[in-house]
Amino acid sequence: MKKIVVIGNGMVGYKFCEKLIQKAAPLNIDITVFGEEVRPAYDRVHLSEYFSGKTAEDLSLAPADWYRDNNIQLLTGELVTRIDPQQKTITSHRGQEYVYDQLVLATGSSPFVPPIDGVNKSGVFVYRTIEDLESISSYGRKIAESGNRKAAVLGGGLLGLEAAKALKDMDLETHVIEFAPRLMPRQLDEAGGLMLQEIIENMGIGIHTATQTSQIGGNGSMTHLEFAGNKNLDAQMLVISAGIRPRDELARNCGLTVGPRGGVVIDARCRTSDHDIFAIGEVALYQDQIYGLVAPGYDMAEVAAAQIVGEDKTMVDQIDMSTKLKLMGVEVASFGDHFAGAPARTIVFEDKFAGIYKRINISEDGKKLLGGILVGDTSDYNMLLQIAQNGMALPANPEDLILGARGGDSSALGSVLDLPDSAQICSCEAITKGDICSAIEEGYQDLKSLSKCTKATTGCGGCKPIVADLLAASLKAMGKTVKATICEHFPYSRQELYDLIVVKGIRNYDEALDEIGHGDGCELCKPALASVFAGITNETATVQESIQDTNDRFLANIQRNGSYSVVPRIPGGEITPEKLIVIGQVAKKYDLYAKITGGQRIDLFGATVNQLPAIWEELIAAGFESGHAYGKALRTIKSCVGSTWCRYGMDESVSFAIELEERYKGIRSPHKLKGAVSGCIRECAEARCKDFGLIATEKGWNLYVCGNGGAKPRHAELLAENIDNEHVVRYIDRFLMFYIKTAGPLMRTATWLEKLEGGIEYLRKVVVEDSLGIAESLEDQMQTLISNYRCEWREVVENPDLKQRFSHFVNSPEPDDHMGFVAMREQKMPKPW
């Protein structure tokens, strides 16, 4: 019987065992695994979720029983101290000797701790194991209770930013120190790094790039950091996340070849300089590089297992280092040649207001996608990665890959079914499109069973969206109905929930959960059903407060320092001098930052939550109403001055914009709605980038629908032309009601139209030609919503019970005294961290 010894029981060591028992008959192989930690292998990729409530058991890759059931001897809490390649033995710290036929080094890496004076002081931690996280959590609570709430992270890479979020969630004033000139320097270019930095700073985390730490100050316990250039930063706690170093000391001591900067040198078969010793994961140096991602480690585990059982599998020549991450809620990704090392044309889209940065690198002939960087929106990452990896043809306008197709019904990215069967969908488990499609054909036709069968999505989870898309597209191609349920508690689509609630006369979320759902609900279904109830009766967010998102709960948008915005409605952008004066008086009285927006209204920032009712009481007394800037509802209908003042105006755009905004104000929908009315084809109101927009012509109005700006700008499409005011209102009534009834949760009208079978032609038949015979019903339903309109803020200021909700603390009326502001251009802004 062949004796296999594995040193290391991390993610890659576990994966090797899993692969080996799949390939080898149990009676022909004897596996012994040494784990230095006291618990079996656990998921380090999702380690930060430990701070969000996950337990060590939740993170476990397999319980101890799994090893026993597969005849694997697992020795946890046991450190291997010596390897003797000549005698083929290893020795543990307990002095016990074990014989091997073949040895696998999966010792991984250790955190790199820079040689900074003071790293041994109390309050300095690394971020690597569950025990590390427990220590960080305990010390964080200790300094918070003492009143010293300042903490820092050394390192602005992936783990460093995850550590920063953990500290921030402990209510500590948090700073990130990065030696490089930008965050995540291996994944992001300068513009992408700056975008990420700005987003994170807006969350209240201080970022210090191009900063060299020279000393950790304090007597016994750290009290501050000292930087080059005689700069200091007060901090009572430091988490070091400055990279990794391979755990190659066993290999060095037994004479195996290691790299100049560490790492056990391996060939394409994962063999070291000793034929019977393999190295896999972060301890292995392959092609002069250490790979800190789980997917290459899993590939090495597969290759080493194959070699041991006699298969001739080898590593690929080029390791894919593409990554998709979510840091502090911010989506970040890089793929392919993201820095454009080869000659390339670069296309960049940047929206600083929305926090979106996208860059793609195209071959000089414009035919191939080489790589790219995404910050703020990674929804297209998987398809972009596949296009780059498989050399797929690009659209005529390559910029459509990041801007979206502008016009037409198809996506610029194509369909997942267009991918070749050899396309690797899950890099962690090396699962191809062909593997997944075969499993679907064999009957694994839901995501859970498909994942269990193929193991796709079970590693880092980054491939889950494209696996779900592939499942849906495959089922549809097989002629099967594909249901997009909103969550595990309601096995229905949003459209089905809408109809069920209407038919059954369900009045609130609890009734819905009892009659057509199960469990306790979640953060997905609660706001989704809040939107459905509002779409049926136009009930305000004050009615079912507990199922609303944070912004809807307080009828205001929360800002980065915990303050709130106040946005009164100004229909059509028209306002009297008297109302302007009131806004100025309110802003001055409550010391609010005032700004005129692109939507032709005035936003006031910096209100504390307990100030909101008093502010709105004064605004409502002056005739203002809620602008619903916080809700998935109509925001504004922008207008130019039209024929009233402009010599080019073809019609009176301001009056019509006001009429429409007064009509649709307060109406809740799957996502926010914006409109515009332009008085001529010069388009000063930008009607063609709105959810619905009007442009005056000599013969009437042209009505455009389903446009938007933002991360994926899309021109609105012509629904009807040369129509009068009455038909405009009818068609918008039908269009909006059809959208409210049929769109998925949080789906903009542009995305809804892209997914709508038949696209704009079908929508035109439904809305204009009444092909389904539902036009009158849609108009009646819209009239119900309009008739039920109530200003939410008026409800609050007239109801003492509702007013009491607006407090920072449940047991005290006092405001939050941690909220800080500084002066800026004769106004104020949140205090920088």
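The model is predicted, so local features need pLDDT of at least 70 and side-chain atom pairs count only at pLDDT 80 or more, while totals for chains, interfaces and linings use all residues. Residues are numbered from 1 along each chain as its sequence is written, and side-chain values use heavy atoms, with hydrogens and water left out.

Let us begin with the sheet. Five strands form an open sheet in the order β3-β2-β1-β7-β19, and their pairing is parallel. Strands here are DSSP E runs of at least two residues, helices are H or I runs of at least four, and both are numbered from the N terminus; two strands pair if DSSP finds at least two bridges between them. At the edges sit β3 (72–76) and β19 (277–279), each of which pairs on one side only. On average, neighbouring strands of the sheet are turned by 15 degrees against each other, direction ignored. Axes are lines fitted to C-alpha atoms, for helices over the stretch in contact, and angles between N-to-C directions run from 0 to 180 degrees.

Helix α1 (residues 11–23) packs on this sheet, touching β1 (2–7), β2 (29–35), β3 and β7, where contact means heavy atoms within 4.5 Å. The direction of α1 makes about 175 degrees with that of β2. Helix α8 (residues 294–308) lies across β1, β2, β7 and β19, and runs at about 165 degrees to β19.

Strand β7 (residues 102–105) runs parallel to β19 and is joined to it by three bridges; V104 has F278 in β19 as its bridge partner. In the loop between β18 (264–265) and β19 you will find D274. Is D274 buried or exposed? D274 is buried (under 20% relative accessible area, with a 1.4 Å probe and protein chains only). Even so, D274 has no salt bridge, and the nearest side chain of opposite charge, K88, is 6.4 Å away. A salt bridge would need a side-chain nitrogen of Lys or Arg within 4 Å of a carboxyl oxygen of Asp or Glu; Lys and Arg count as positive, Asp and Glu as negative, and His and the chain ends are not counted. A polar atom of the D274 side chain does lie 2.9 Å from the backbone nitrogen of D276. Not counting residues up to four places away in sequence, D274 touches P85 and L256.

Our last stop is R553, in helix α17 (residues 550–553). The side chain of R553 reaches the backbone oxygen of S546 at 3.1 Å and that of E545 at 3.3 Å.

Terms used: Buried < 20%, exposed > 50% of the residue type's maximum accessible area, 1.4 Å probe, protein only. Polar contact = N/O pair within 3.5 Å; in protein donor to acceptor, adjacent residues only side chain to side chain.
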